[in-house]
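Please read the following briefing alongside the sequence and the three-dimensional structure shown here.

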Amino acid sequence: MGERHGSDPERGAVDEAAAADKPPSSTRGDDVAPTSSRRWFERRSSERYDVTWSVDCETEETFLYAAITNISELGIFVRTTEPLPVGTSLTLRFASPNSGEPFVLEGSVQWVNVVRPLHDNPNPGMGVRFVRITAAERERLVETIRTIAYLRENAGPVSN
């Protein structure tokens with residue numbers, strides 16, 4: 001689902017496929033301690049919304065075309081078969097279908113779900129946390145997420 005151009009530094013990727021419902025392990029980036037349940041709560045304290053948006057992920061050495069499959073005001077999940085290593089800093093460019101101007105935000109890879117050949121792994125990719133986000137960017141992002149929530153809440157039942 002993603003295509004990466006450029007060199008690929010040694011990958012320190014960690015398979016965290018089943019960690020979505022558990023506190024972080026010591027393999028989730030250097031800034032998260034294994035017993036940091038407070039940070040775990042903060043990381044999951046924002047509502048996530050399923051989306052399918054294109055995203056460009058750029059580092060000094062790599063350009064990755066991929067898809068966002070869920071978003072919150074704290075970060076995104078980028079679906080890709082070639083996730084970047086934990087700790088990688090990147091620039092994200094994406095837009096919601098209803099917005100005019102794209103978001104250009106800085107992020108940091110917090111965890112990865114690597115592709116495991118011959119195993120059931122339906123959701124390979126990486127969790128990216130937004131970093132160094134300005135108050136104006138945060139407000140615009142929150143407004144976009146509120147719009148998603150409002151539209152879904154008022155969509156009503158789907159008839160076939």
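Arg 132 counts as exposed at 64% relative accessibility, where exposed means over 50% relative accessible area, buried means under 20% and partly exposed lies in between, with a 1.4 Å probe and protein chains only. Arg 132 is found in the loop between β7 and α2, and although Arg 132 is not a glycine, its phi is positive, at about 50°. Most residues other than glycine have a negative phi.

This is a predicted model, in which local features need pLDDT of at least 70 and side-chain atom pairs count only at pLDDT 80 or more, while totals for chains, interfaces and linings use all residues. Residues are numbered from 1 along each chain as its sequence is written, and side-chain values use heavy atoms, with hydrogens and water left out.

**Overall fold**

- The chain has two helices and seven strands, taken as DSSP runs numbered from the N terminus (helices H or I with at least four residues, strands E with at least two).
- Along the sequence these elements follow the pattern β-α-β-β-β-β-β-β-α.
- Of the 160 residues of the chain, 41% count as buried, and the chain exposes about 9400 Å², of which carbon and sulfur atoms supply 50%; the areas come from the Shrake-Rupley method with a 1.4 Å probe, and for residues only the protein chains shown count as cover.
- Among the contacts in the chain with a separation of 6 or more, 59% are accounted for by residues 24 or more positions apart, a contact being heavy atoms within 4.5 Å.

**Nonpolar core**

- The largest nonpolar core has 27 residues, and those with the most contacts inside it are Ile 71, Leu 92, Phe 94 and Met 126; such a core is a set of buried Ala, Val, Leu, Ile, Met, Phe, Trp, Tyr and Cys residues joined through side-chain atoms within 4.5 Å.
- Two or more residues of this core are given by each of β2 (49-58), β3 (62-71), β4 (75-79), β5 (89-94), β6 (103-113), β7 (125-131) and α2 (135-153), and the largest share, five residues, comes from β2.

**Strand β6 and its partners**

- Nine of the eleven residues of β6 are buried, so this strand is largely enclosed by the rest of the structure.
- Six bridges join β5 to β6, and the two strands run antiparallel; strands are taken to pair if DSSP finds at least two bridges between them.
- On its other listed pairing, β6 is joined to β7 by seven bridges, again in an antiparallel arrangement.
- Glu 106 in β6 stands opposite Thr 91, and Glu 106 also stands opposite Val 131 in β7.
- Asn 113, which is found in strand β6, is buried with a relative accessible area of 5%.
- A polar atom of the Asn 113 side chain lies 2.7 Å from the backbone oxygen of Asn 123.

- A search of the whole structure finds one salt bridge, defined as a side-chain nitrogen of Lys or Arg within 4 Å of a carboxyl oxygen of Asp or Glu.
- Arg 93 forms a salt bridge with Glu 58, with the closest N and O atoms 2.8 Å apart, and the pair links distant parts of the chain, since Arg 93 is in strand β5 and Glu 58 in strand β2, 35 residues apart.
- Arg 93 counts as partly exposed at 33% relative accessibility, and Glu 58 counts as partly exposed at 30%.
- The strands β2 and β5 pair in the antiparallel sense over four bridges, with Glu 58 standing opposite Thr 91 in β5, while Arg 93 stands opposite Val 104 in β6.

**Helix α2**

- Ile 145 has its place in helix α2 and counts as buried at 8% relative accessibility.
- Not counting residues up to four places away in sequence, Ile 145 touches Tyr 49, Ile 71, Ser 72 and Glu 73.
- Ile 145 and Ser 72 are 73 residues apart in sequence and 7.0 Å apart in space, C-alpha to C-alpha.

Notes: Polar contact = N/O pair within 3.5 Å; in protein donor to acceptor, adjacent residues only side chain to side chain.
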